[in-house]
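Hi,

Here is the structure I promised to pass on, with some notes on what turned up in it. Please have a look at it first and then read on.

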Amino acid sequence: MDRSEPSAEEQISAIIASAAQQPLPDAAFEIWCRRYRLDSIEGRPTAEEVRVYRTLTPQQMAEKYRNGRDHAHEGPMFGYLKRAHPRAGDDAITQAIITAVKFEGAAEAHFKWDGDFWACVVRAVAQAAAQYPDFLETTYRDARNNLAYDMK
C-alpha cells in the first residue's frame, strides 16, 4: 500500500486545528513550541538564510535569537494563531504570543540543574507558572516536557 506524506498545507492545518481547540494563550504556547516544525514545513530558513547564519558570530546568533523572541508576534506566529482563533482581536493575539514566549523564557530562566533532573524541570515550570498563572494544566505539562527536552 502506498502511503504518501501529508502535504505541507495539511501538516500546518493539523497543527493549527490542534491549537484551535485550546484557549488563545494555550494555543499561542502550542504554536510557539512547534515553530521550528512549522518553519521547516514552510521552507524556512532558506538556503541563503542558512548561508548567512553560518557566518554569524556566537554573539550575533544570540542577538538574532533574542530579536526573534522579542518580535515573535510580528512574524508567522501571528498568522498561525489568527488562523487558529479567527475571531480573536489582533491585540489579543499579539498579547497571547508575547505571553507564551515570556512564559517559556521564564521556565528556561528558572531552570537550575541542582539535583534530580525532572525535579528541577518541575520546579522551574512551577516558578514560571506562578508568574504566568493563566494557562491550562495541560500547557504546564507540555512546558515541563519541552523544557526537559531542551535542557537535556
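One term to begin with: a residue is called buried when its relative accessible area is under 20%, exposed when it is over 50%, and partly exposed in between, using a 1.4 Å probe and protein chains only. Please bear in mind that this is a predicted model, so local features need pLDDT of at least 70 and side-chain atom pairs count only at pLDDT 80 or more, while totals for chains, interfaces and linings use all residues. Residues are numbered from 1 along each chain as its sequence is written, and side-chain values use heavy atoms, with hydrogens and water left out.

First, the overall picture. The protein chain has 9 helices and 0 strands, where helices (H or I, at least four residues) and strands (E, at least two) are DSSP runs numbered from the N terminus. Its C-alpha trace spans about 45 × 45 × 40 Å along the principal axes. Of the 152 residues in the protein chain, 33% are buried. Taking contact to mean heavy atoms within 4.5 Å, residues 24 or more positions apart account for 64% of the contacts with a separation of 6 or more.

Now to the aromatic residues. Rings of Phe, Tyr and Trp (its six-membered ring) pair if their centres lie within 6.5 Å; planes under 30 degrees apart count as stacked, over 60 as edge-to-face and the rest as tilted. By this rule there are 9 aromatic pairs. One of them joins Phe103 and Tyr140, with 5.6 Å from centre to centre and 75° between the planes, which is edge-to-face. This pair links distant parts of the chain, since Phe103 belongs to helix H7 (residues 90–110) and Tyr140 to helix H9 (residues 137–151), 37 residues apart. Phe103 and Tyr140 are both buried. Tyr140 also pairs with Phe135: the ring centres are 6.1 Å apart and the planes at 85°, so this pair is edge-to-face. Phe135 is buried, with a relative accessible area of 8%, and Tyr140 is buried with a value of 8%. Ring pairs link Phe29, Phe103, Tyr132, Phe135 and Tyr140 into a cluster.

Pro45 is in the loop between helix H3 (35–41) and helix H4 (47–53), and the peptide bond from Arg44 to Pro45 is cis, with omega near -5°. His73 lies in the loop between H5 and H6. Is His73 buried or exposed? At 18% relative accessibility, His73 counts as buried. Beyond its neighbours within four places in sequence, His73 is in contact with Phe78, Thr94, Ile97 and Ile98.

Best wishes
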